[in-house]
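Reader: Please present the structure for discussion, beginning with the terms that the answers require.

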Amino acid sequence: MAQGWFEKETMSEQFKTFLAGVRAEIPLLIGVFPFGLIYGALALNVGLSPAVSQLMSSIVFAGSSQIVATQLVHEAAPVFVIVMTIAVVNLRHILYSASLAPYLKNLSLKWKTLLSYLLTDEAYAPSIIKYEVDGVTPFGHWFLFGAGFALWFNWQVSTALGIFLGAAIPESWPLDFALPLTFIAMVVPALRNRSAVAAALCAGLVALLAFSLPYKLGLIFAALTGIAVGTILEWRAAECEPLSFYKKEGR
């Protein structure tokens, strides 16, 4: 009897934590949904079939990478270039994983594999905030599971709707303008300090200078430049913080 009650309580806590993750993710879904619509329409516009377009959302599950990949496919870029570009675009997930690792290190391999698949910018943001407040808890991973699943489901639906609407849009209608507008909308809110602004400006400058390179290689060089500049400036800022503290304290 006691064991049955314990199991019910455990399932209840898991479900509550899962729903908390879903609720925390809902405000972010408003901005992601139009992004999925744009990807679905663009994928058809560059020649991908509806099935392949939807499968990419299910397998890759990375909005910016999917849009870049569709453009590279349209340019007939080699598979190696496509894979490397996606890898560079998603390098930030290494930092996300390292940040979450202390709170999820005791999970089984199956859980870690599932959560790594569901890990996105939008799922990471509310999850790390909760983990930093609550610390390591028995069912904390269900929060990330809820946030990640909510975004995954939203992405699949928005992609499917974008494919459906894209099939009805005449080919003469240019949709390419949506790509730079979407990335501008993603990047600008993230420019919260000097390091981020400098990284974005340097990456943009390199992208312009290397625009004529084949297979969109300029995107890879631009991304690497932005990462390098941002990392160096962050390190310098971190080294200067202790000095600033002592100056303020008059020591």
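Author: Rings of Phe, Tyr and Trp (its six-membered ring) pair if their centres lie within 6.5 Å; planes under 30 degrees apart count as stacked, over 60 as edge-to-face and the rest as tilted. This is a predicted model, in which local features need pLDDT of at least 70 and side-chain atom pairs count only at pLDDT 80 or more, while totals for chains, interfaces and linings use all residues. Residues are numbered from 1 along each chain as its sequence is written, and side-chain values use heavy atoms, with hydrogens and water left out.

Reader: How many aromatic pairs does the structure hold?

Author: By the ring criterion, pairing requires centres within 6.5 Å. The number of aromatic pairs in the structure is 13.

Reader: Is the pair of W111 and F145 stacked or edge-to-face?

Author: The ring centres of W111 and F145 are 5.5 Å apart. Their planes meet at 85°, so the pair is edge-to-face.

Reader: Which helices does this pair link?

Author: Helices are DSSP runs of H or I with at least four residues, numbered from the N terminus. W111 and F145 are 34 residues apart and link distant parts of the chain. W111 lies in helix α6 (residues 109-118) and F145 in helix α8 (residues 141-167).

Reader: Does F145 count as buried or exposed?

Author: Buried means under 20% relative accessible area, exposed over 50%, and partly exposed in between (1.4 Å probe, protein chains only). W111, at 22% relative accessibility, counts as partly exposed. F145 has 17% relative accessibility and therefore counts as buried.

Methods:
Helices (H or I, at least four residues) and strands (E, at least two) are DSSP runs, numbered from the N terminus.
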